[in-house]
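Hi,

Here is the structure we talked about, ready for you to open. Could you take a look at it alongside my notes on its side chains?

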Amino acid sequence: MLTETVAGRTYDYSHSVGRGSQTGMGFSNPVAAAIGKDENVYVVNRGSEGISNVAWNRTGYGARVSQIKLGANAGEEEFIGEFSKYGNGNGEFIWGSGVAVDSQDNLYVVDEWLNRVTVFASDGTYQMDWSTVGSGESGPNGTSGIAIDKEGNLLVTDGRSHTVKKFTPEGELLSTWGKQGSAEGELDSPWGITVDNEGFIYVADFKNHRVQKFTDGGNFVAQFGSHGTKRGQLSYPNSVAVDPEGDVYVCDWSENGWEQGRVHIFEKDGRFLTSLTGDAQQLALWAQMTVDANADYGKRRREVNSTEPEWRFAQPTAVVYDDKNGRLIVADTQRSRFQIYDKQATYMVPQLNL
């Protein structure tokens, strides 16, 4: 369903962007994204190929940050460039897992393997890095997601110590909360994290199959979703976003198979609204360029019974709400693309005389 109206909201599929091409544009297996100034989108890649804006460049595991503009419509996307590479040196990372952009357009990229935050300027210039593991911690640790609160401090989830940590932008640890468990306020492998306009914190509680809402001090407020595979039920949620109206978007891997990921939408009071499953009926620009560059690609696509399976999400790993443009951006990770939905407050359907 390309357009769906529910409870006064309309989610209208716009277009998809992505799939690395032989022109050197794109990204591979995006796992996190954040929107900066001038509507630049910064994408953390965890793909198996390295794409360079200078030339094709095999860089190991595809660890890099791509900078793109999505455009308002299909075909208007723009690849700006990329920075970083696979490694453990300054400005490098191994398993990038999250990214946040502050009010000065500085980027904070978290590394699940190195357990550190690396800070870049908006042009990709390395600034500094610091560890998310305190000197007294015995581990294990696995830095997962990152968000910025209303005071400009960084909130970092640790999926192996089952905690949320608050840092200053310079890396000073301010507080830690959470412990492993399934009761209210407890966590099991937390992943994505976000902050709403009122300052409440939302955590994708991955192995508890729910999203939890907390105060800025870490006190439990509410829970969204329950374990299951039906619409509105969660199976390994990994990312969460909240729009200015308070609607909550939960990116869900799903245990039904790698092509069954969903994005579930809830009202701020926890009432389930609807689920998105992916609607990319046309190839993205860069994907079409790849097909056009290889005649055999085009032949194989025409020989299948239906291309409908490729419309759907395949293990989506991040969801971002674009406040300025009123749209939802889903990182369709295994298909190396974003699927974009416009949220329309008013959607008029003309009367038809049958």
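**What turned up**

Let me start with Tyr-11, which is buried, at a relative accessible area of 1% (buried is under 20%, exposed over 50% and partly exposed in between, with a 1.4 Å probe and protein chains only). Please keep in mind that this is a predicted model, so local features need pLDDT of at least 70 and side-chain atom pairs count only at pLDDT 80 or more, while totals for chains, interfaces and linings use all residues. Residues are numbered from 1 along each chain as its sequence is written, and side-chain values use heavy atoms, with hydrogens and water left out.

**Rings**

I paired rings of Phe, Tyr and Trp (its six-membered ring) with centres within 6.5 Å, calling planes under 30 degrees apart stacked, over 60 edge-to-face and the rest tilted. The count by this rule is 18 aromatic pairs. One of them joins Tyr-11 to Tyr-249 edge-to-face, with 6.2 Å from centre to centre and 80° between the planes. This pair links distant parts of the chain, as Tyr-11 is in strand β2 (residues 9–18) and Tyr-249 in strand β20 (residues 248–252), 238 residues apart. Strands here are DSSP runs of E, at least two residues long, numbered from the N terminus.

Tyr-249 is buried too, with a relative accessible area of 0%. Tyr-249 also pairs with Tyr-321, this time stacked, at 5.6 Å between centres and 15° between planes. Here the chain is bridged from strand β20 to Tyr-321 in strand β23 (residues 318–322), 72 residues apart. Tyr-321 is buried as well, at 11% relative accessible area.

Elsewhere, Phe-27, Phe-79, Trp-286 and Phe-338 are joined into a cluster by ring pairs.

**Charges**

The whole structure holds 23 salt bridges, each being a side-chain nitrogen of Lys or Arg within 4 Å of a carboxyl oxygen of Asp or Glu. Asp-247 and Arg-9 make one of them, with their closest N and O atoms 2.6 Å apart. Asp-247 is in the loop between β19 (237–242) and β20 while Arg-9 is in strand β2, so this bridge ties together parts 238 residues apart in sequence. Both Asp-247 and Arg-9 are buried. They belong to a salt-bridge network that also takes in Asp-243, Glu-245, Glu-267, Arg-271 and Lys-343.

Another bridge brings Lys-165 and Glu-137 together at 2.7 Å, N to O. Lys-165 is in strand β13 (residues 163–167) and Glu-137 in the loop between β10 (126–131) and β11 (143–148), so parts 28 residues apart in sequence are tied together. Lys-165 is buried at 2%, whereas Glu-137 is partly exposed at 31%.

**Thr-143**

Thr-143 lies in strand β11 and is buried, with a relative accessible area of 0%. Its side chain makes a polar contact of 2.6 Å with the side chain of Thr-132 (N or O atoms within 3.5 Å, one able to donate a hydrogen and the other to accept it within protein, and residues adjacent in sequence counting only if both atoms are side-chain atoms). Not counting residues up to four places away in sequence, Thr-143 touches residues including Ser-97, Val-110, Asn-115 and Asp-158, with contact meaning heavy atoms within 4.5 Å.

Best wishes

Key: Helix = DSSP H or I, 4+ residues; strand = E, 2+ residues; numbered from the N terminus.
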